[in-house]
Amino acid sequence: DTSLAEVNSFSPSMPISPSSMINQYKFEDEPELRDLFITVDDPESHITAIETFITYRVVTKTSRGEFDSSEYEVRRRYQDFLWLKSKLEEAHPTLIIPPLPEKFIMKGMVERFSDEFIETRRKALHKFLNRIADHPTLTFNEDFKIFLTAQAWELSSHKKQGPGLLSRMGQTVRAVASSVRGGVKNRPEMFTEMNDYMETFSQKINVLDKIAHRIYKEEREYFNEMKEYGPIYTLWSASEEDTADSLKGVASCIDKCCKATEKRMAGLSENLLPILHEYVLYSEILMGVLKRRDHIQGELDSKIDALANKKTEKDLFSEEIGKLEDKVECANNALKADWERWKQNMQCDMRSTFTNVAENNLRYYEECLATWESFLASQRVDLHVEENSEDRP
Amino acid sequence: MEDCLSKKMEITVSEAEKRTGRNAVNMQETYTAYLIETRAVESQSEGQCAPVDSLWRRYSEFELLRNYLSVTYPHIVVPPLPEKRADFVWHKLSADNMDPDFVERRRIGLENFLLRVASHPVLCQDKIFYSFLTQEGGWKEMVNETGFQLKADSRLKALNATFRVKNPDKRFTELKHYSDELQSVISHLLRVRARVADRLYGVYKVHGNYGRVFSEWSAIEKEMGDGLQSAGHHMDVYAASIDDILEEEEHYADQLKEYLFYAEALRAVCRKHELMQYDLEMAAQDLTSKKQQCEELATGTVRTFSLKGMTSKLFGQETPEQREAKIKVLEEQIQEGEEQLKSKNLEGRDFVKSAWADIERFKEQKNHDLKEALISYAVMQISMCKKGIQVWTNAKECFSKM
């Protein structure tokens with residue numbers, strides 16, 4: 001497919017038609033064109049005098065020239081992922097940086113270091129790095145490369161350079177605060193639309209997340225009751241003679257359906273629940289990105305307002321304003337492109353996740369159907385045999 | 001053997017109606033009356049439609065009929081009535097006797113009861129039963145005039161016999177154990193089934209929440225909107241489908257409940273046997289002791305310690321005339337006793353024979369009904385799975401178009 005090959009060279013001089021843009025955004029659907037493969041696995045517990053923490057193994061395989069080797073294996077802890085995220089936000093304030101799993105789980109009875117918690121976190125961290133790898137801009141970020149390749153001590157010393165974590169966090173906080181003051185009145189229409197969209201999307205995705213959890217909970221309770229149900233038929237069969245086989249047949253059907261329901265539950269927790277959760281976090285991230293864009297715009301707007309009041313020193317100001325204008329245009333363009341990309345991905349993710357949910361349910365019902373149909377067939381055969389034997393003299 | 005009533009007459013309990021009236025203590029009460037319709041079968045074969053007779057009865061009259069039948073035919077496993085109050089409910093059904101779903105299921109249960117009695121070779125010939133179906137007024141008085149209440153064994157007497165009987169027929173002892181097991185296992189089954197139904201209801205209904213959210217979400221999406229909207233519609237269909245599914249399953253539960261109550265009827269027959277056997281044993285024991293007394297008086301030897309013997313030693317023996325008189329009385333009693341014992345023995349054996357014949361009939365009926373019930377349960381599950389497949393196939397198509 002030649003059009004695909006042209007677009008994926010990332011050459012800025014290529015004409016970007018809408019259809020080829022779509023192909024570019026579907027980049028992650030075609031793994032054979034990827035040149036960076038990352039896995040996160042093997043959680044390990046570390047106990048020191050001060051603290052206990054978990055590290056995860058991060059394995060990178062790549063064919064890219066800028067990497068010295070083709071394979072790397074490092075161990076990273078959650079803090080390191082936080083550092084990476086904040087560096088990316090700092091470097092690209094108006095790009096949509098993928099979400100990290102939360103530091104703590106507030107609800108539920110999941111303990112901090114329970115196997116379930118660690119596994120959920122591991123999967124989310126794996127997703128996080130892969131989403132970065134698939135992002136046309138972020139994938140070439142220097143800190144990202146260091147994160148994937150540096151040994152522990154190298155990473156520590158690299159982290160110590162540059163502004164601390166707290167000051168970077170402060171940036172976003174100030175951006176959020178300042179958006180109240182500025183940047184909104186001159187906001188381009190597109191970003192107001194984006195803001196409105198995100199507000200509704202955020203609402204809906206949160207509700208969906210709750211619904212999905214509720215469904216999981218109900219399915220689990222159903223499973224628990226079903227586990228008890230089948231064995232009663234088996235117990236009954238012990239008191240009966242003629243009907244013992246039929247009763248045992250029903251017991252076996254119920255047990256099979258029980259196992260099928262367990263599979264259905266597993267499907268939910270592996271697919272739908274993590275995706276919906278990820279997009280709940282995404283909606284928060286996007287609101288943050290919009291605020292940062294507004295903040296950048298706000299800086300420009302307040303300088304322009306200041307200029308209007310000072311007739312002198314015009315030259316000095318106009319250079320500053322020029323720089324700010326460039327900054328705003330960059331930010332806007334970056335966000336615009338990334339927004340389109342994000343939307344395409346979201347659509348793709350939602351489509352495949354919900355289709356998967358439907359397939360899970362179909363599989364469940366088809367398995368149960370087969371079980372009961374085979375039971376029915378066996379019963380009808382028996383009845384038929386009985387009738388025949390009665391007919392004989 | 002005569003044809004059962006069920007072959008000659010079509011019987012239905014076709015309607016249920018709420019009534020208000022005054023009860024025995026002149027207080028106003030609300031109750032449900034059931035319309036029993038009967039029609040002779042024969043004339044239908046001539047192409048004519050026979051006239052339908054009908055009358056109204058309430059649940060308490062059914063109870064009276066059944067009590068009468070249980071007492072009058074203690075060797076028969078009398079079909080049970082549907083439950084008086086809704087039991088083994090899962091959360092949707094109310095335990096209210098006036099609930100329309102409960103009334104409807106009771107109507108079906110009462111019809112089933114009448115059909116069972118009408119197709120029983122012995123019970124269908126009972127005049128009181130026939131009058132129940134055909135005679136509106138004065139039926140209660142007719143039943144009471146039979147004096148059946150007097151024939152009823154006291155609960156206490158029966159309990160006593162159960163504990164003290166020495167040689168009951170082994171088959172009845174086994175049957176009693178079986179009916180205990182049956183009752184226990186069916187109760188357990190019904191309880192868990194109700195909980196499973198409750199949970200299944202929850203799973204389906206929660207999916208209904210998708211509908212509204214998808215619809216609201218679709219409003220802000222351009223390309224995904226249609227897919228979301230139509231998928232949401234299918235989720236609504238899915239959520240709504242559980243109501244019919246569980247309503248149908250109630251019929252299966254009712255079939256099991258009938259046999260739960262049949263267990264009690266089986267136990268009643270066993271109790272009657274134990275009572276008769278105990279009676280027999282007591283009569284035999286009494287006869288033996290009387291014979292012994294007679295022998296001792298006649299021969300003058302005292303083989304066993306008796307208070308009489310001691311008192312006579314202490315206060316002097318009786319005169320020969322007194323002794324003769326006593327012996328005479330005892331001999332009469334012994335003769336009476338022997339006749340009674342003979343007839344009781346005969347009664348007992350007849351009872352065992354006819355009871356066991358009915359129990360064999362019951363066993364066959366139970367095996368057949370149970371198999372049918374399990375098959376119909378499987379059919380219900382299959383139907384539920386097919387509905388599920390249809391809905392999720394549709395939903396999948398909508399999702400894949402998002």
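Mentor: Let's take helix packing first, then cavities and a pocket. It's a predicted model, so local features need pLDDT of at least 70 and side-chain atom pairs 80 or more, while totals for chains, interfaces and linings use all residues. Residues count from 1 along each chain, chains are lettered from A and ligands numbered from 1 as written, and side-chain values use heavy atoms, without hydrogens or water.

Trainee: OK. At what angle do α8 of chain A and α8 of chain B cross?

Mentor: At roughly 165 degrees, with the axes coming within 8 Å. Helices here are DSSP runs (H or I, at least four residues). Axes are fitted to C-alpha atoms over the stretch in contact, and angles run from 0 to 180 degrees between N-to-C directions.

Trainee: So what does that make α8(A) to α8(B)?

Mentor: Roughly antiparallel. That label means over 145 degrees; under 35 is roughly parallel, 65 to 115 roughly perpendicular, the rest oblique.

Trainee: What residue classes are in that α8(A) and α8(B) contact?

Mentor: 26 nonpolar, four polar and 11 charged. Nonpolar is Ala, Val, Leu, Ile, Met, Phe, Trp, Tyr, Cys and Pro; charged is Asp, Glu, Lys and Arg; the others, Gly among them, are polar.

Trainee: And within chain A, how far apart are the axes of α8(A) and α9(A)?

Mentor: 7 Å, at an angle of about 165 degrees. These two helices, α8(A) and α9(A), are therefore roughly antiparallel to each other. Their contact has 33 nonpolar, 11 polar and 10 charged residues.

Trainee: Over in chain B, at what angle do α3 and α4 pack?

Mentor: About 140 degrees, with the axes 11 Å apart. There α3 is residues 100-118 and α4 is 127-134. α3(B) and α4(B) are therefore oblique to each other.

Trainee: Switching topic. How many cavities of 30 Å³ or more are there?

Mentor: Eight. On a 1 Å grid, a cavity is where a 1.4 Å probe fits but cannot get out; a pocket is an open set with protein on both sides within 12 Å along at least five of seven lines; lining residues have an atom within 4 Å of a point. Volume is the space filled by the probe spheres.

Trainee: What is the volume of the largest cavity?

Mentor: About 150 Å³. It is lined by 18 residues. A:Tyr222, A:Met226, B:Tyr377, B:Gln381 and B:Met384 lie nearest its centre. The lining of the largest cavity divides into 15 nonpolar, one polar and two charged residues.

Trainee: Which helices supply at least two residues each to the lining of the largest cavity?

Mentor: From chain A, α8, α9 (244-309) and α10 (314-391). From chain B, α8 and α11 (320-400).

Trainee: How much space lies in the second largest cavity?

Mentor: About 110 Å³. Of its 12 lining residues, A:Arg131, A:His135, A:Tyr282, A:Arg341 and A:Asn345 are closest to the centre. The lining of the second largest cavity has five nonpolar, two polar and five charged residues. α10(A) gives the most, with four.

Trainee: Why does the second largest cavity lie between domain 1 and domain 2 of chain A?

Mentor: Because domain 1 (33-155) and domain 2 (184-392) both give residues to its lining. Those bounds come from an automatic or database assignment.

Trainee: Last one. What volume does the second largest pocket have?

Mentor: About 890 Å³. Its lining is 30 residues, with B:Arg66, B:Ser70, B:Arg155, B:Ala268 and B:Arg271 closest to the centre. By class, the lining of the second largest pocket has 17 nonpolar, three polar and 10 charged residues. α9(B) gives the most, with eight.
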